[in-house]
Structures are given as structure tokens and as C-alpha cells.
Amino acid sequence: MKILVTGSNGQLGSELKSRVKEFKSWKFVFTDVEELDITSAEAIETYIKKKGPFNYLVNCAAYTAVDKAEDEFEKASLLNAYAPGYLAKACKNHDIKLIHISTDYVFEGKNHTPYTENDETSPNSVYGKTKLNGELQVLMNNSESIVLRTSWLYSRFGHNFVKVMQKIGSERNKISVVFDQIGTPTHAYDLADIILTIISQTEEKKSNWKSGIYHFSNEGVCSWYDFAIEIMKLWNIDCDVEPITSDMYPQKAPRPFYSVMNKAKIKQNYSIKISHWKDALLKYKNLTE
Ligand SMILES: NC(=O)c1ccc[n+]([C@@H]2O[C@H](COP(=O)([O-])OP(=O)(O)OC[C@H]3O[C@@H](n4cnc5c(N)ncnc54)[C@H](OP(=O)(O)O)[C@@H]3O)[C@@H](O)[C@H]2O)c1
């Protein structure tokens, strides 16, 4: 059983790498842009022919610089929209099951109750638009794929909100964080876990592979302000956190004000238990100590 992982030097890919030893009978092939540039359909085809056959492909590669994307539509589109389409096509040709990752930023954020997979998408940023196009490209080229939307991702590997808060919290006495953007943080360790669960449950019984879009984050709801408060508390950082509104912290890319996702579908189809975001943050802390 062989699994190809693309974009594997990022947060999610690195979490997957850290779990390999738990799956001794599976062979993982980890690639990043140097080994396999997913923006080239030809390179994907050549790589699969040379290093395959593969049973699964997990695409962790993405253009994730949300604000920068506002000025780099073409570049973000190539990686977030066209490349996933190339992967999906190759997976269809070579009978590979594709798991592609998307985002809560496909939603506009006007809901007051958690978004389901059937809710209307209407991204308000270039990043969100390119990720939504990526979902469409994947499902259009290979309807047997799984698209996993996640939100507010952090990991011990790479750059993220937890690390930024730890850094600026220990440099300053007071920081301001927005309290009018509501969502759910996701520990990339737990996202890696659900990906491995989907694969392992499919290996047990092929009919457990149920294609389509799924929502996955940790449990619970918070604002970035609440998230920052919890980080200061857990790491004993003596820094005042002041709640501010988004208009007091202008960012190039508009964010959804509410992007909590309903996870009923994934819990039902894959019988999983998801940690609360505060427990997941504590797990992150334990992993980094
Ligand atoms: N981060 C979040 O808060 C968040 C929230 C919701 C959803 N997501 C989604 O979750 C997934 C994983 O995100 P992440 O935070 O783990 O991403 P990440 O840390 O930015 O990792 C992406 C990886 O893809 C690589 N890459 C760039 N161009 C490539 C190419 N042409 N071919 C192959 N690999 C390439 C990057 O390399 P370089 O670093 O060298 O460019 C990087 O190693 C993405 O689909 C993202 O959209 C993320």
C-alpha cells in the first residue's frame, strides 16, 4: 500500500511525516516542490509513472499566504486551483484515491450557525476564491475524490497564529487581537489523524471511501481573541490581550466574520471523536515540550 504526499514540507505534510512509524505496512512517499511541482501536469504524470503505483494521494501543497494572494491571483490560482485539477485527473487515470485539502475561507461568513457542506460558498478573498476553484477542479476531474475543508490550522511545524502570539506576547506588555471573527482552530496533528483514519478505514473496507466534500476542524467555537487568551494562559505569558474589531486591524484580504463548520457528516461517515480546540492546543503544547 503506497501513499504519495505532495507539499509535504508544510504544516500538515510535516504532521503526516511524524506519524509514519505508526503505519509500518504502508509505504509513504513524501514530496515537496523540489521533487514534484504540482503546477506541472506533465511532471505529475511522469512522477506517478516512475515512482508509482500509488493507492492514495494526499495533497498538502497550497498557496497559503492569504494577504499576499490579493496581489498574486495568477500564482495563487495556479497552485490552489489548476494544480489540484491536474492531480485529480492523474489520480483518475491511475486509479489513485485523492484527498485534497480546502478551507473555511470559501464561505462569506454571514451565517450564525455552523456551515454544512451543502451551504452556499461565496469567498470574499482571492485565496478563498482560488481554493474554491480548486475544489471544483478536483471534483470535476475526478468525482471519486475527497475534499476536506479545514480552518485556522496550526502545527509545531511551520508558521502560524500560535507561534506569532507566543512571540509577540513575550516581547510586549499588551497586544490587540480581533474578537469579531469567529471560527474554530485546528491542530494539524488532528487533521493528519483524520486523513490517516480515512485511509485506514478504507483499507479495512473499500466501501468506507465516500467521496465528496467534508468539514473538519477541532470542536468548539472561539474568536481570535479567545484563542490568543488561551495561548497566553497555557504558556504563562504575561501579556494583556485587548479585544478589538476587524476595522481596527485592517488586513489586505477580507476574512469571513463567521466560519465555524458543521462536522456532522465526517463524524457520521468515519465514526471519529474530535478533540475540543482547547484540548488540542494542550496536546500541541505537550508535543513541543
Ligand atoms: N494554514 C491555515 O491556516 C489553513 C487554514 C485552512 C485551510 N488550510 C489548507 O490546509 C492545507 C495545508 O496547509 P498548510 O498550512 O500545511 O500549508 P503550508 O504550511 O503553506 O504548506 C504548503 C506546502 O506546499 C509547498 N508547495 C508550494 N508550491 C508547491 C508546488 N508547486 N508543488 C508542490 N508543493 C508546493 C510549500 O512549499 P514552500 O513553503 O517552499 O512554498 C509548502 O511546503 C492547504 O490546502 C491550505 O490551503 C490552511
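What follows is a short chat about a predicted model, covering a threonine, a pocket and a strand.

Biologist: Why is Thr103 called buried?

Modeller: Its relative accessible area is 5%, and buried means under 20%, so Thr103 qualifies. Thr103 sits in strand β4, residues 97–103.

Biologist: On to the largest pocket. How much space lies in it, and which residues are closest to its centre?

Modeller: About 1500 Å³. Of the 50 lining residues, Gln11, Thr64, Val66, Leu153 and His159 are the closest to the centre. Elements that each supply at least two lining residues include β4 and α4 (126–141).

Biologist: What is that lining like by class?

Modeller: There are 25 nonpolar, 18 polar and 7 charged residues.

Biologist: Now β1. How do you know that strand β1 is mostly covered?

Modeller: Count the buried residues: 5 of its 5. On one side Lys2, Leu4 and Thr6 are buried, and on the other Ile3 and Val5 are too.

Biologist: What makes β1 and β2 a pair?

Modeller: Pairing needs at least two bridges, and 4 join β1 to β2 (residues 27–30), so they pair. The two strands run parallel, and Lys2 has Lys27 as its bridge partner in β2.

Key:
Residues numbered from 1 in each chain as written. Predicted model: local features only at pLDDT ≥ 70, side-chain atom pairs only at ≥ 80, totals over all residues. Heavy atoms only, no water. Buried < 20%, exposed > 50% of the residue type's maximum accessible area, 1.4 Å probe, protein only. 1 Å grid on protein atoms, 1.4 Å probe; cavity = no way out; pocket = protein on both sides within 12 Å on 5 of 7 lines; lining within 4 Å. Points joined across faces, edges and corners; volume = space filled by probe spheres on them. Nonpolar A, V, L, I, M, F, W, Y, C, P; charged D, E, K, R; others polar.
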